[in-house]
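Take a look at the structure below.

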Amino acid sequence: MTRKWYDKPIFNYDERHDMLSVFYSDRVHYYGDEEYEKAYPELYVLRDDDTEEIIGFTILDYSKYKPHLPELYPEQFKNLDELP
């Protein structure tokens, strides 16, 4: 199956729970990983099962992590203005 990449990221922000989901492609055959589990334990990177490409993020406690996203993932979070 070929992955479908979106023209623009899809953001879904749950204000009540301060959780942000970001998707760059369809959500088929992927897994979540805590790459920085000690420093950022509630930041999950979603990767393609086969290619390991980043297809999205799930970020709990988003307000706390938002300022750090451009340093951790500069390609995915170039512009904080487009984030909720």
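**Salt bridges and their surroundings**

Start with glutamate 35 and arginine 47, whose side chains form a salt bridge with an N to O distance of 2.5 Å. Glutamate 35 sits in the loop between S3 and strand S4 (43–48), while arginine 47 belongs to strand S4 itself, so the bridge ties together parts that are twelve residues apart in sequence. The model is predicted, so this distance, like every value here, is computed. How accessible is glutamate 35? Its relative accessibility is 32%, so it counts as partly exposed. Arginine 47 is at 15% and therefore counts as buried, because the cut-off for that class is under 20%.

That pair is one of several. Five salt bridges are counted in the model. The general idea is simple: side chains of opposite charge can pair when their charged atoms come close.

Now move to aspartate 26. Its side chain meets that of arginine 3 in a salt bridge, N to O at 3.0 Å. Aspartate 26 is in the loop between S2 and strand S3 (30–33), and arginine 3 is in the segment before strand S1 (5–14), so this bridge ties together parts 23 residues apart in sequence. Are these two residues buried or exposed? Aspartate 26 is buried, and arginine 3 is buried too.

Arg3, Asp26 and Asp48 are joined in a network of salt bridges.

Arginine 3 also has a polar partner. Its side chain makes a polar contact of 3.1 Å with the side chain of serine 25. Serine 25 lies in strand S2, which covers residues 19–25. What surrounds serine 25? Setting aside neighbours within four places in sequence, serine 25 is in contact with Arg3, Lys4, Trp5, Tyr6 and Ile55. Serine 25 has a relative accessible area of 0%, so it is buried.

Finish with lysine 78 and glutamate 75. They form a salt bridge too, and their closest N and O atoms are 3.8 Å apart. The cut-off for a salt bridge is 4 Å, so the pair is counted. Where do these two residues stand on accessibility? Lysine 78 has a relative accessible area of 63%, so it is exposed. Glutamate 75 has 59%, so it is exposed as well.

Key
Residues are numbered from 1 along each chain as its sequence is written. This is a predicted model: local features need pLDDT of at least 70, side-chain atom pairs count only at pLDDT 80 or more; totals for chains, interfaces and linings use all residues. Side-chain values use heavy atoms; hydrogens and water are left out. Helices (H or I, at least four residues) and strands (E, at least two) are DSSP runs, numbered from the N terminus. Buried means under 20% relative accessible area, exposed over 50%, partly exposed in between (1.4 Å probe, protein chains only). A polar contact is a pair of N or O atoms within 3.5 Å; within protein, one must be able to donate a hydrogen and the other to accept it, and residues adjacent in sequence count only if both atoms are side-chain atoms. Contact means heavy atoms within 4.5 Å.
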